[in-house]
Amino acid sequence: MGRIVTGAAIACTAALCGAVAPAHAADDDKVPYWASIDTDLANLRVGPGESYRIDWVYRRPHLPVKVIRREGPWRLIEDPDGDKGWMRDLLLSRQRAALVKAKGLVEMHAEPNSSSPMLWRVQPGVIGLLGDCKQGWCPFDVEGHKGFVDQETLWGAGAP
């Protein structure tokens, strides 16, 4: 029987993230693309500039977001709840992450298939670092708990 992973946010060092795709500059791709919040505190503004009102304050490092527009150093993002706003590019990373979006516990397996041993059960809302998804399964790392999760249970996996 596996354990339940309940962490709301994760921290990761290079030594712990072997199964995770390498990060690269947020300017490398055209929109839309996936990114993640790269700081402990990130402001989401109603417009692309410091003079615009702050709409949301995020306190979840690695929260996956979808970048849907670029304007200079500002990015129009969409969060897992569908909220949209502007964030500075310096607050974002191309480090792929995902959020468990299923209604109930999600099984994390030892191999990329449901018949492999289950390692852990992961609660909805948990954030993990994401590797390259193949054939519907994604390498997923939640605070060093590594395994494979069904891609359909994650927000931030697949095409943006």
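Visitor: Which strand gives the largest share of the lining of the largest pocket?
Guide: Keep in mind that this is a predicted model. The pocket holds about 170 Å³ of space. Its lining includes Trp56, Val57 and Tyr58. The largest share of the lining, three residues, comes from residues 54-58, which form strand 4.

Visitor: By class, how many charged residues does the lining of the largest pocket have?
Guide: Among the lining residues are Arg59, Arg60, Asp79, Asp81 and Asp83. The lining has six nonpolar residues and no polar ones. Its charged residues number five.

Visitor: Is Glu71 buried, partly exposed or exposed?
Guide: Glu71 sits in strand 5. It touches Pro48 and Trp86, leaving aside residues up to four places away in sequence. Buried needs under 20% relative accessible area and exposed needs over 50%. Glu71 has 35% relative accessibility, so it counts as partly exposed.

Visitor: Which residue's side chain does a polar contact of 3.0 Å join to that of Glu71?
Guide: Asp89 is 18 residues from Glu71 in sequence, and their C-alpha atoms are 9.8 Å apart. The polar contact of 3.0 Å joins the side chain of Glu71 to that of Arg69.

Key. Residues are numbered from 1 along each chain as its sequence is written. This is a predicted model: local features need pLDDT of at least 70, side-chain atom pairs count only at pLDDT 80 or more; totals for chains, interfaces and linings use all residues. Side-chain values use heavy atoms; hydrogens and water are left out. On a 1 Å grid over the protein atoms alone, a cavity is a set of points where a 1.4 Å probe fits but cannot get out, and a pocket is an open set with protein on both sides within 12 Å along at least five of seven lines; lining residues have an atom within 4 Å of a point. Grid points are joined across faces, edges and corners, and a volume is the space filled by probe spheres set on the points. Helices (H or I, at least four residues) and strands (E, at least two) are DSSP runs, numbered from the N terminus. Ala, Val, Leu, Ile, Met, Phe, Trp, Tyr, Cys and Pro count as nonpolar, Asp, Glu, Lys and Arg as charged, and the others, Gly among them, as polar. Buried means under 20% relative accessible area, exposed over 50%, partly exposed in between (1.4 Å probe, protein chains only). Contact means heavy atoms within 4.5 Å. A polar contact is a pair of N or O atoms within 3.5 Å; within protein, one must be able to donate a hydrogen and the other to accept it, and residues adjacent in sequence count only if both atoms are side-chain atoms.
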